[in-house]
Amino acid sequence: MSLANGRHYLAIPGPSVMPDRVLQAMHRPAPNIYTGQLVDMVAGLVPDLRTVARTTQNVAMYIANGHGAWEAALTNTLSRGDRILVLGTGRFCLGWGEMAAAMGIDCQIIDFGQRSDIDMSRVAEALAADREHRIRAVLAVQVDTSTSVKNDIEGIRRTLDAVDHPALLFADCIACLACDEFHMDDWGVDVMVTGSQKGLMTPPGMGFVFFSDKADQARARADLVTPYWDWRPRANPAEFYRYFNGTAPTHHLYGLRVALDMIVHEEGLENVWHRHAVLARAVWAALEVWGQAGPVRPNIADRNTRSHSVTTVNFGPGNGKRMRDWMTANAGVTLGIPLGGVEGPGGNADDFLRIGHMGHVNTHMVLGVLASLQAGMTALGIPHGATGLEAAMKVIAEG
Ligand SMILES: Cc1ncc(COP(=O)(O)O)c(C=O)c1O
C-alpha cells in the first residue's frame, strides 16, 4: 500500500509544473523553420517577453539553460581582464562569478552569506573605493534559489547612482521572473538573464538575455564576444534563421507561446505576481507557526527579503532529508534538496529542504504540500506548532 500513488507533484524550485496546455501545444510535428506560422509566431513572442520583463529594450533568445544565458551576458559586455563586482547571497551569484573568472574576468566578490540579502552599505563602500571606475559591471541574483533570499535590485541601481558609478547592473532573474515583481527599465537594470523552466512554465532549454541600449554600447568594446553568443543578430535579426543562430527550438516556442498567453493576456502579470505573493505568505505562515513549538525555521528570517517563488527551510537535525523521503514515499510530492552549502560552516545539509512554489501553482497544490508536511512531522515525531496549516489557510482565505 502506498498513499503516494496518484498524480505526482514535483515541488522543486525548477523545472516547475507545466500547464497541460503548454504540453499539448508542443505535441505536434515539426514546422517549417524558414517561412510560415513559426516565423510569425516568434516575432509575436518578443513584445510579450518584454512585457514580462517590464522593458521596452532588447531581448536575445538562446537554445540554452540559465548557465548559457549567464555566459551570453558576460561575453557580450566584457573583455578579459575587466573587473566586475559579484554580490553573493547563495550559490548562484557566486557560480556566475566563477564562470566569469574562468573566462578571464577579474571578480571582486562580496559574500553576504547564506541567510541574508545584499547589504547596500557594503556595496556603496566597494563602489566608492573604486575611484578609477575599473568595475565594469555589478552582478546580482534577484532570487537566489539555494538560500531563497530576494535581493533589492532597484536598491543596487540607487547605490550605483548615489556614488555616480558608471558600472552596468546585471540581474539574474532565472528563479523569479513572472513570480516576483521585477521592472527592468524602472529599476535601471542593464542586463537581465532568465530561463524558460521556472516562472515561464516551459521546459528547460531556452535562455533569455534582456539588455539595455547602454549594455549594447559596451558590446562594441567587449573582446569576449563570440559569433554564437553574440546578442545583436538575435535581438535584431536580418532573417528569421538568425534569431537562434541556426535551427529554432521549435517545440519550446510553441509551448512558450501558450505560457506567455496565459501570463500576459489571460491572467495578467500583476495578478501572477499577486498569486505568487499570497501563496508564498501561506507557506511562511505555516512554517512560522510550526516553528513556535519545534525546530522548523525558514532560512531567511526577514519576510521582506524572502522570495515568492521558493522557500528554503531548516527542519532541524537530519529532518530535511527525513521529511523529503517521507513526502516522496507517502504524499507523492518531491521537494527540493538543499544546494550550495546553505547549511553554512559546521551545519548539516540533511537539515534542509526547499519548497518550490513558482509558475503554474495554485491554492490546492500549496495547501496539499503544507498539509502533507504537517502529516509528515506528526508521523516522524518532529515537534511543531499544531496550527500551521490553519495559519496558511487563513492567508489563502484572505487572499
Ligand atoms: C537563480 C538561478 N541562477 C542560475 C541558475 C542556473 O540555471 P540552469 O540550471 O538553467 O543552468 C539557476 C537554476 O536553478 C537559478 O535558480
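Colleague: How much space lies in the largest cavity?
Modeller: The largest cavity holds about 50 Å³ of space. A cavity is a set of points on a 1 Å grid over the protein atoms alone where a 1.4 Å probe fits but cannot get out. The volume is the space filled by probe spheres set on the points, which are joined across faces, edges and corners. Please note that this is a predicted model, where local features need pLDDT of at least 70 and side-chain atom pairs count only at pLDDT 80 or more, while totals for chains, interfaces and linings use all residues. Residues are numbered from 1 along each chain as its sequence is written, and side-chain values use heavy atoms, with hydrogens and water left out.

Colleague: Which element gives the most to its lining?
Modeller: Strand S1, residues 9–11, does, with three residues. Lining residues have an atom within 4 Å of a point; among them are Tyr9, Ser16, His357 and Met365. Strands (E, at least two residues) and helices (H or I, at least four) are DSSP runs numbered from the N terminus.

Colleague: And what lines the second largest cavity?
Modeller: Its lining includes Tyr9, Val283, Ile355, Val366 and Leu370. Helix H12 (363–380) supplies the largest share, three residues. The space there is about 40 Å³.

Colleague: Changing topic, at what angle do H10 and H12 cross?
Modeller: The axes of H10 (residues 269–292) and H12 cross at roughly 15° and come within 10 Å. H10 is therefore roughly parallel to H12, a label for angles under 35 degrees. The axes are lines fitted to C-alpha atoms over the stretch in contact, with angles from 0 to 180 degrees between N-to-C directions.

Colleague: Which residues of H10 make the contact?
Modeller: On H10 they are Leu279, Ala282, Val283, Ala286 and Trp290, and their partners on H12 include Val366, Leu370 and Met377. Contact means heavy atoms within 4.5 Å.

Colleague: What about open spaces: how much lies in the largest pocket?
Modeller: About 410 Å³ lies in the largest pocket. A pocket is an open set with protein on both sides within 12 Å along at least five of seven lines. Of its 18 lining residues, Arg7, His8, Tyr9, Val17 and Met365 lie nearest its centre. H12 gives the largest share of this lining, four residues.

Colleague: Which helix gives the most to the second largest pocket?
Modeller: Helix H3, residues 66–75, gives the most to that lining, with three residues. The second largest pocket has about 320 Å³ of space.

Definitions and conventions:
Angles under 35 degrees count as roughly parallel, over 145 as roughly antiparallel, 65 to 115 as roughly perpendicular and the rest as oblique.
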